[in-house]
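Trainee: I am new to this structure and would like to go through it with you step by step. Could we begin once it is on the screen?

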Amino acid sequence: PSVVMIGLGYIGLPTAALIAQNKTYVHGVDINPSVVETINQGKIHIVEPELDTAVAEAVKEGYLRAATTPVEANTYLIVVPTPFKAKNEPDISFVEAATRAVVPLLKKDDLYIIESTSPVGTTEKMMQLIYTERPELDGKINIAYCPERVLPGNVMYELVHNDRVIGGVNEKATEKALAFYKQFIKGALHKTNARTAEMCKLVENASRDVQIAFANELSLICDKADINVWELIDLANKHPRVNILQPGCGVGGHCIAVDPYFIVAEYPMESKIIGTAREINNYKSFWCAEKVQTAKLEFELKHGRKPSIALMGLAFKPNIDDLRESPAKYIAQKVLQNANNEAYYIVEPNITDHKVFKLTPYKDAAKQADIIAFLVAHDEFKTLEIAEDKVVLDFCGVFK
Ligand code: SAJ
């Protein structure tokens with residue numbers, strides 16, 4: 001094969017499929033044998049539109065094969081997770097393990113690219129690791145960092161059409177990496193160095209996190225000031241140079257709620273706004289759970305009986321089935337911890353079954369509950385007819 005792709009997850013597999021669609025042989029590697037087996041059958045283990053057909057075709061035509069170990073190739077792509085450890089410090093052990101796996105296979109002029117979101121300096125660290133293990137290759141491998149920026153749900157389109165930032169450890173590496181991506185990417189390719197490319201990925205997501213924190217802070221202020229925050233933001237955005245995002249019940253997903261910590265962990269004294277934004281967005285989820293609690297007590301005082309409560313949505317954002325790092329899920333867990341014999345209806349229209357939560361169809365929940373808390377602005381909620389006597393907590397602007 002010409003390409004070895006280490007990591008066949010949310011980014012690695014679509015990228016492998018795309019490269020294979022361009023009739024380049026890809027050897028995909030994943031530590032999970034069941035993932036490997038699924039892919040070799042031409043099937044997929046994640047939910048992403050159009051990925052199934054791309055993988056099925058690539059495997060059928062023989063351009064994509066998966067295994068648990070790498071083989072010799074010309075280009076090695078590292079697309080493994082970089083989670084964080086306790087104290088919000090990034091964990092690059094998967095990147096390191098993947099690198100160690102390919103080190104013995106490397107030869108002069110090969111291309112080694114990290115795509116995994118990584119703390120600044122990771123690419124240089126991996127370069128040192130490679131050349132310490134293979135001193136005879138010192139300076140002869142083209143090493144680069146090239147982050148992706150695709151939106152889950154639209155990956156197959158964005159992989160091809162988004163601009164990319166390409167940062168080599170030297171100019172030759174940047175040029176080689178650029179020539180590689182040029183084969184299958186239609187977006188513009190922007191050259192820089194590895195450190196800038198690493199920081200660029202982190203900053204993109206931190207920027208969005210900070211902007212959402214601003215909207216969430218406004219929602220707290222407006223709650224106290226008795227102002228409708230949705231109307232306020234709508235009006236403020238009529239200004240030609242103002243563009244405020246939408247408040248919600250916190251920030252979730254695997255990227256925006258995680259990547260800013262990679263900056264804060266490394267530069268704690270300088271990253272004040274970035275760190276505070278994380279705190280505000282986390283606090284917003286806690287605040288929503290407290291609001292449900294208060295509504296419960298108020299209802300009981302007023303009516304002399306316990307209310308029933310519907311929690312609408314568990315996903316980390318509207319119209320998806322992904323519950324990773326989901327603030328709505330956190331709120332549901334917190335509310336249920338404080339349960340005191342009330343009836344609860346947990347709703348997530350995008351999934352049929354959940355290990356922990358017993359799910360109720362959304363229309364039934366809205367009909368039966370006294371208090372309806374909207375945690376995610378799923379499309380189907382927007383057309384719900386809600387009886388006048390219900391207490392509605394609209395945390396995410398379903399009825400804005
Ligand atoms: N959210 C709000 N208010 C808003 C917009 C979003 O509360 O106005 C919340 C969502 O509900 C969700 C979270 O933010 O909980 C993140 O959702 P998102 O749609 O903004 O982003 P993700 O996590 O699906 O994907 C992001 C994207 N990054 C940016 O937009 C800067 C994507 O391009 C990246 O590739 C991806 O992270 C990643 O993998 O890093």
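Trainee: What is the handedness of the crossing of α11 and α12?

Mentor: This is a predicted model, in which local features need pLDDT of at least 70 and side-chain atom pairs count only at pLDDT 80 or more, while totals for chains, interfaces and linings use all residues. Residues are numbered from 1 along each chain as its sequence is written. Helices are DSSP runs (H or I, at least four residues) numbered from the N terminus, and a crossing is left-handed if the near helix is turned anticlockwise from the far one by less than a right angle, and right-handed if clockwise. By that rule, the crossing of α11 and α12 is right-handed.

Trainee: How are α11 and α12 oriented to each other?

Mentor: Axes are lines fitted to C-alpha atoms, for helices over the stretch in contact, and angles run from 0 to 180 degrees between N-to-C directions. The axes of α11 (residues 272-303) and α12 (residues 327-337) come within 9 Å and cross at roughly 40 degrees. Angles under 35 degrees count as roughly parallel, over 145 as roughly antiparallel, 65 to 115 as roughly perpendicular and the rest as oblique. The two helices, α11 and α12, are therefore oblique.

Trainee: Which residues of α12 meet α11?

Mentor: Two residues are in contact if their C-beta atoms, placed from the backbone, lie within 7 Å. On the α11 side the residues are Ser285, Cys288, Ala289 and Val292. Their partners in α12 are Pro327, Tyr330, Ile331, Lys334 and Val335.

Trainee: How are α8 and α10 placed relative to each other?

Mentor: Helix α8 (residues 194-225) and helix α10 (residues 259-266) pack with their axes 7 Å apart, at an angle of about 105 degrees. The contact joins Leu202, Asn205, Ala206 and Asp209 of α8 to Asp259, Pro260, Phe262 and Ile263 of α10. The helices α8 and α10 are therefore roughly perpendicular.

Trainee: In which hand does α1 pass α3?

Mentor: Helix α1 (residues 12-21) and helix α3 (residues 51-60) pack at about 50 degrees, with axes 9 Å apart. That angle makes α1 oblique to α3. The crossing in which α1 passes α3 is left-handed.

Trainee: How many residues of domain 2 are in contact with domain 1?

Mentor: The bounds, which come from an automatic or database domain assignment, divide the protein chain into domain 1 (3-199) and domain 2 (248-394). Their C-alpha centres lie 35 Å apart. From domain 1, 10 residues take part in the contact, and from domain 2 the number is 11.

Trainee: Where does the ligand lie?

Mentor: The ligand is surrounded by 18 residues, the closest being Leu245, Gln246, Gly248, Gly253 and Cys255, where a residue counts as near if its C-beta atom, placed from the backbone, lies within 6 Å. Both domains give residues to this shell, so the ligand lies between domain 1 and domain 2.
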